[in-house]
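Here is a short tour of one protein model, written for someone new to reading structures. Have a look at the picture first, then we'll go through it piece by piece.

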Amino acid sequence: MKADVLLQKAGHPSLGERSEIHFMLFLISELLSALLQICLFSVIPFLWWLVSARKENFFHWLGFSKPESNVSFLHTIMLTVLAAAAYGILTTLFINGFSDGITQAGNQFAGKGFRAIPAVLLYAYMQTGLSEELLFRGFLLKRIASKLGFYVGNTIQALLFGAVHGIPFGIITGSLTVTVILTVLPGAFGWFEGWLNEKRFGGSILPCWLLHGTINLIAACSQLS
């Protein structure tokens with residue numbers, strides 16, 4: 001105790017102060033990571049818009065619009081909860097069964113406690129939720145569907161969405177099973193999200209941004225303690 005006081009008086013931060021500094025640096029790192037990923041995932045959509053659709057509002061072009069639906073909201077919510085629960089349960093069961101080299105979303109927050117919630121929110125809703133929704137459902141789905149139709153466009157974006165999740169784990173583990181399963185599960189849910197946006201919410205990506213972020217928020221928070 002006396003040593004900490006002396007160090008503090010000498011201009012050295014105490015153990016508690018060092019912990020706070022470390023946490024603030026971690027939070028800043030998550031903020032920068034989120035901004036960087038959003039920028040990277042926005043480059044191709046922005047250039048495409050700049051060349052082909054400048055007369056239209058960029059954000060509206062990507063699907064940042066008010067959700068509109070003429071079907072039962074309760075039915076949509078129930079369907080979404082069932083799909084999200086099925087995806088979460090199947091993914092968790094598979095990861096627990098093949099734990100070597102596979103980590104859950106948000107594993108960087110493991111053991112950091114609930115003071116890491118601000119960083120978790122940045123990760124869930126900005127770094128992953130926003131960046132992935134604007135690229136896959138906002139850009140790829142809408143552009144491909146405009147040429148080849150909704151079902152072709154939705155299937156292509158879902159396959160690509162699944163691949164960027166499954167292939168890295170397949171490379172790490174060297175397992176074809178891991179590659180296939182962790183491509184199919186996110187891909188299937190990505191297909192559902194595309195369908196939800198276009199067929200239930202009038203092309204708005206806002207509901208699935210919220211859904212995607214909330215799933216990652218739950219996954220990350222489950223590892224905080």
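## A charged residue to start with

Is Arg-137 buried or exposed? Arg-137 is buried, with a relative accessible area of 0%. (Buried means under 20% relative accessible area, exposed over 50%, and partly exposed in between, using a 1.4 Å probe and protein chains only.)

Before going on, some ground rules: this is a predicted model, where local features need pLDDT of at least 70 and side-chain atom pairs count only at pLDDT 80 or more, while totals for chains, interfaces and linings use all residues. Residues are numbered from 1 along each chain as its sequence is written, and side-chain values use heavy atoms, with hydrogens and water left out.

## The salt bridges

Side chains of opposite charge can pair when their charged atoms come close. Here a salt bridge is a side-chain nitrogen of Lys or Arg within 4 Å of a carboxyl oxygen of Asp or Glu. By that rule, the count is three.

Arg-137 pairs with Glu-133, with the closest N and O atoms 2.6 Å apart. Both sit in helix H5, four residues apart, or about one turn of the helix. (Helices are DSSP runs of H or I with at least four residues, strands are runs of E with at least two, and both are numbered from the N terminus.) Glu-133 is buried too, at a relative accessible area of 0%. Arg-137 also forms a salt bridge with Glu-193, where the closest N and O atoms are 2.8 Å apart. This pair links distant parts of the chain, as Glu-193 is in helix H7 and Arg-137 is in helix H5, 56 residues apart. Both Glu-193 and Arg-137 are buried.

Then there's Lys-142 with Glu-198, whose side chains meet at 2.7 Å, N to O. Lys-142 lies in H5 and Glu-198 in H7, so this pair ties together parts that are 56 residues apart in sequence. Lys-142 is buried at 14% relative accessible area, whereas Glu-198 is partly exposed at 25%. Shared partners join Glu-133, Arg-137 and Glu-193 into one network.

## Helix H6

Helix H6 covers residues 150-173, which makes 24 residues. From its first C-alpha to its last it reaches 34 Å, close to the 34 Å expected at 1.5 Å a residue. (The expected span is 1.5 Å times one less than the number of residues.) H6 bends by about 30 degrees at Ala-163; the bend at a residue is the angle between axes fitted to the seven residues ending there and the seven starting there.

Several H6 residues are buried, including Phe-150, Asn-154, Phe-161 and Ala-163. The buried residues of H6 pack against helix H5 (117-148), helix H7 (176-200) and helix H8 (206-221). After H6 comes Gly-174, whose phi is positive, near 70 degrees.

## How H5 and H6 meet

H5 and H6 pack at an angle of about 145 degrees, with their axes 7 Å apart. (Axes are lines fitted to C-alpha atoms, for helices over the stretch in contact, and angles run from 0 to 180 degrees between N-to-C directions.) Among the residues making the contact are Phe-136 and Arg-137 of H5, and Gly-153 and Phe-161 of H6. Contact means heavy atoms within 4.5 Å.

## A stop at Thr-80

Thr-80 is found in helix H4, residues 73-97. Thr-80 is buried, with a relative accessible area of 11%. Leaving aside neighbours within four places in sequence, Thr-80 is in contact with Phe-192, Leu-196 and Leu-211.
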